[in-house]
Structures are given as C-alpha cells and as structure tokens.
Amino acid sequence: MSEQAKIQLPELEHESAIITGSEDEKAFDITKLRPNTGHITLDPGYGNTGACISDITFIDGEKGILRYRGYPIEQLAEQCKFTEICYLLLYGDLPTEEQQQQFSSRIKQEQNIHEDMKRFFDGFPITAHPMAILSAMITSLSAYHESTDISDIEKIDADIIRLLGRVKSFAAFSYRKSHGLPYIYPQQDLSYVENFLHMTFSDTQENYKTDPVLAEALNLLLILHADHEQNCSTSTVRMVGSSHANLYTTISAGIGALWGPLHGGANQRVIEMLEEIRDDGSDYKKYVNMAKDKNSDYKLFGFGHRVYKNYDPRAKVLSQVADRVLKALNVDDPLMEIAKNLEEVALNDEYFIARKLYPNVDFYSGIIYKAMGIPTNMFTVMFALGRLPGWLAHWREMILDPKSRINRPRQVYTGPTFRDVTQIKDR
Ligand code: CMC
C-alpha cells in the first residue's frame with residue numbers, strides 16, 4: 001500500500017497516492033483530482049508540476065547534483081565520448097566497446113545530407129540566424145522521410161540515429177553558409193566531434209588538423225548540455241511529440257524553445273552582455289546594480305536557474321575548463337576577467353544570495369566557444385547539438401510508454417461570461 005495524502009477542499013476531501021522516485025523525491029498524484037472533485041491545480045510556469053515519470057536524468061537543485069542514468073555528470077564529462085552519452089541517454093546504459101563501435105558507425109552512415117537539401121541553404125540570406133536555418137532544415141527532413149512508425153522500435157531507433165547524424169551536418173553547413181564558404185563533407189575516419197570541427201573549419205584546399213584541445217573541449221561541452229530533464233525545450237519536445245507529430249517537426253519545435261534568451265539563447269546573450277560591459281569601461285558593478293534594480297527589467301544573463309538553488313554543477317566544470325582552454329589556446333580574453341568579477345559579486349551580494357542566484361551553464365560556455373573560434377550567433381546551435389540526444393531520449397521514452405497520453409493542460413478561465421452577439425450596426 002503506497003503512502004496516501006489528502007487535499008481538504010471546502011466541501012470534500014481528496015485522497016490519493018504519494019509517488020516516490022528512486023532518489024526519494026515525492027509527488028502527490030493528482031490524476032483523479034478533477035474527475036473526483038471538479039478542481040484543477042494552478043501552477044503557471046510549472047514550478048511544482050511533474051508532467052511525467054522518467055528514468056533518464058536526476059537533478060537535485062538544492063545540492064547542485066546532476067546525473068544521467070545514475071552517473072554523475074563530472075565523471076561522465078571526464079571519461080566519456082559524446083556518442084557514449086547519446087547511447088547512455090537513449091538506451092539506459094553506457095555502451096560496451098562493440099556497442100559503441102556499431103552505434104558510432106550507424107551515426108556516420110547518416111551524416112550526409114540529401115544533395116537537394118544543400119540547395120536549401122542557398123535560399124537563406126547570409127544574415128540568417130543559424131538557429132533559424134537549423135530549425136528549418138530539421139523540419140524539412142519530414143519532406144524526405146516518412147513519419148516514424150511508432151509501433152516499430154527499429155524504425156524509431158533508425159530515425160533517432162538519422163537525426164544524430166544529420167543535425168551535426170546541418171549545424172556545420174549553417175556556419176559555412178553564414179561565412180559564404182563552400183560546404184565540407186564529413187569524413188568516415190573522424191569521430192563525431194572531430195567531424196563537426198572538420199566540416200566547420202576545414203579549408204577546401206587543406207584538411208583541418210583537429211586540435212586535440214578543441215576536440216576535448218567540444219566533447220565536454222556537448223556532454224554537459226546533453227540532458228537536463230524537463231527543461232523548457234525538452235518539455236516542448238514531449239508536448240509536440242505527445243500528439244504523435246513526426247519526429248523531425250517535434251525536434252524542430254524543441255530548437256525553437258531552446259532559442260529563447262531565458263533558455264539556451266542565454267549563452268549568446270552572456271557574451272553580448274560581457275562585451276557591452278567591456279566596451280563600457282568594464283564597470284561591472286554598474287550592471288550588477290541594474291540587475292538588482294526592481295524598476296528595471298535588466299537581468300544578468302547566465303545567472304539564476306529554476307531548479308538549481310546552488311552552484312550549477314555544469315558551470316563549475318566549465319569555469320575550470322574555460323581557464324584550461326584559454327591557456328592551451330594562448331587566448332587572453334578580457335571577458336574572462338569580467339565574468340570572474342561578476343561571479344564573485346553574485347556569490348557575495350545579498351540580492352543574489354537571498355535569491356540563490358548562481359552562474360548557470362550558459363555563463364562560461366560562450367567564453368570557451370569564442371576561444372575556439374565559434375561565432376557568437378552559433379553558440380545556441382552548439383547547445384542544440386549537445387541537447388539533441390536528451391530530446392531524442394525523452395521522446396523515445398514517452399513514445400514507448402503505453403500510459404502516455406496527449407499533453408493537454410487545463411486553465412482557469414477569467415474572460416467574460418455569457419453574452420449575446422449584437423448586430424454590427426448596434427455595437
Ligand atoms: N538577474 C537578476 N535577477 C534575477 C536573475 C538574473 N539573471 N534571475 C532571477 N532573478 C531574480 C528575479 O527577478 C526574481 O526576483 P524577485 O524574487 O525579487 O522577484 C528571483 O530572482 C527569482 O527569479 P525567477 O525569475 O522567479 O526565476 P525563474 O525560475 O522563473 O527563472 C531563469 C529562471 C533562468 C529564467 C532566470 O533566472 C533568468 O532569467 N536568468 C537569466 C537567463 C539565463 O541565464 N537563462 C539560462 C538558464 S540555464 C540554461 C538553460 O536552461 O538553458
């Protein structure tokens with residue numbers, strides 16, 4: 001018999017089960033609340049709402065813990081390849097050598113895009129944001145491939161692998177397009193991360209020699225971004241996918257959600273903010289005061305998180321990696337000092353302490369991407385590349401769950417009550 005809890009309403013009481021997760025998180029099951037009481041719960045922004053049960057990622061925001069399938073992010077980031085993480089998120093366990101080899105080679109077979117689709121890139125203006133291109137290209141895959149047969153696990157997995165192969169190529173091509181450069185095809189002998197660097201930075205005359213510092217940094221960045229349970233874009237993927245919309249459109253919707261500056265788009269905003277502070281005499285305290293001023297809607301990008309009320313463990317890893325990468329690449333970026341000063345303020349200022357606002361994953365990632373030569377408007381594309389396996393794993397988990405239903409929240413209506421329509425001449 002599971003633990004029970006009661007909601008006392010004015011005229012009746014509702015009793016239902018407490019659901020306990022594997023890390024002892026507690027939820028009050030309200031699935032029968034409306035049928036039994038006529039009441040719904042109201043939770044704008046979903047801060048207290050569990051939309052699903054999931055085996056993929058665990059976060060303890062109070063303690064600053066992040067684990068994929070039980071493994072701590074710090075160990076995964078240090079020891080694994082990004083494609084191993086894709087496998088882990090999708091199938092639940094780290095791959096054996098043989099599984100990893102087969103999985104990687106299947107992704108490689110899917111990395112070439114249809115030649116027709118290359119022409120799509122030509123149609124975009126050179127100023128197009130690469131997130132706009134990425135989202136359009138992913139949704140365009142639905143014009144080339146049938147909707148996934150969700151009753152067939154092999155087809156589900158084949159389409160997932162197709163996206164893991166193609167999206168990297170779309171991302172690299174969108175960079176080439178915005179720089180007016182010819183497209184570079186992937187090479188079979190390169191790893192996932194090396195291939196992305198090759199397709200992005202190679203010269204047509206000479207193959208790009210992958211710098212191990214860059215490959216290692218990119219591998220780590222992608223792993224740190226790979227999943228974050230029910231964040232805005234993943235919830236969007238679950239929302240759109242719950243109508244059984246095709247997988248490509250579903251992932252494209254996730255790209256749209258990620259692009260917003262409160263979510264993945266924050267990494268671009270962080271660098272723009274740091275540059276603004278630099279160009280304004282590096283007076284970072286002025287910007288901190290603006291963020292604290294309740295009469296202004298200015299905020300410090302790269303700070304705060306809905307779930308973390310402690311240091312974001314990904315930001316902790318990234319702040320150390322940023323130092324390492326800048327040193328190894330011989331980059332002396334004044335933005336790094338401004339970022340460190342802002343962090344120092346946040347950790348000691350009463351406003352930030354009271355609200356538990358710490359640097360988040362987007363705070364240091366941009367400084368690393370910048371040092372790697374990736375342009376600012378590509379930062380959110382890099383986030384998308386990292387988050388793709390998380391979206392796919394959540395979509396797969398939902399589609400394979402026989403209990404999943406179309407996602408359809410309720411509302412409390414506060415508009416006019418019944419009224420009759422009058423003739424236009426009488427209004
Ligand atoms: N700068 C200044 N004040 C802030 C900030 C900030 N970056 N973030 C939150 N606050 C304040 C906010 O004004 C509120 O103050 P008060 O209680 O006085 O009204 C309090 O802290 C709580 O904030 P909230 O807006 O209720 O928090 P939320 O959970 O709704 O929003 C957030 C979370 C991440 C959208 C928000 O912290 C934010 O806008 N941060 C800046 C954008 C950013 O860095 N986004 C990336 C998030 S991490 C990666 C990802 O998800 O993609």
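View 1. Gln 101 has a relative accessible area of 54% and is exposed, a word used here for values over 50%, with buried meaning under 20% and partly exposed in between (1.4 Å probe, protein chains only). Areas of this kind come from the Shrake-Rupley method with a 1.4 Å probe, and for residues only the protein chains shown count as cover. You will find Gln 101 in helix H4, residues 97-109. Helices here are DSSP runs of H or I with at least four residues, numbered from the N terminus. From the C-alpha of Gln 101 to that of Pro 35 the separation is 50 Å, and the two are 66 residues apart along the chain.

A word on the model before the next view: it is predicted, so local features need pLDDT of at least 70 and side-chain atom pairs count only at pLDDT 80 or more, while totals for chains, interfaces and linings use all residues. Residues are numbered from 1 along each chain as its sequence is written, and side-chain values use heavy atoms, leaving out hydrogens and water.

View 2. The ligand has 22 residues around it, and the closest are His 263, Lys 299, Leu 300, Gly 302 and Arg 306. A residue is near a molecule if one of its heavy atoms lies within 4 Å of it. Sorted by class, this shell holds eleven nonpolar, six polar and five charged residues. Ala, Val, Leu, Ile, Met, Phe, Trp, Tyr, Cys and Pro count as nonpolar, Asp, Glu, Lys and Arg as charged, and the others, Gly among them, as polar.

View 3. Leu 300 places a backbone N or O atom 2.7 Å from a nitrogen atom of the ligand. A polar backbone atom of Gly 302 is 2.8 Å from a ligand oxygen, and a side-chain N or O atom of Lys 294 is 3.0 Å from an oxygen atom of the ligand. The protein buries 73% of the 950 Å² that the ligand exposes when taken alone.

**View 4. Helix H18 and its bend.** Helix H18 runs through residues 379-399, and its 21 residues span 30 Å from the first C-alpha to the last, close to the expected 30 Å. That expectation is 1.5 Å times one less than the number of residues. At Arg 387 the helix bends by about 45 degrees, with Pro 389 following within four residues; the bend is the angle between axes fitted to the seven residues ending there and the seven starting there. How many of the residues of H18 are buried? The count is 21 of 21. Leu 88, in helix H3 (residues 82-91), is buried too, at 0%, and its C-alpha is 9.3 Å from that of Pro 389.

View 5. Most residues other than glycine have a negative phi. Ser 282 has a positive phi, near 55 degrees, and sits in the loop between H12 and H13. Asn 330 has a phi near 60 degrees and lies in the loop between H14 and H15. Asp 333, in the loop between H14 and H15, is buried at 10%, and its side chain makes a polar contact of 2.9 Å with the side chain of Lys 370.

Key:
A polar contact is a pair of N or O atoms within 3.5 Å; within protein, one must be able to donate a hydrogen and the other to accept it, and residues adjacent in sequence count only if both atoms are side-chain atoms. Helices (H or I, at least four residues) and strands (E, at least two) are DSSP runs, numbered from the N terminus.
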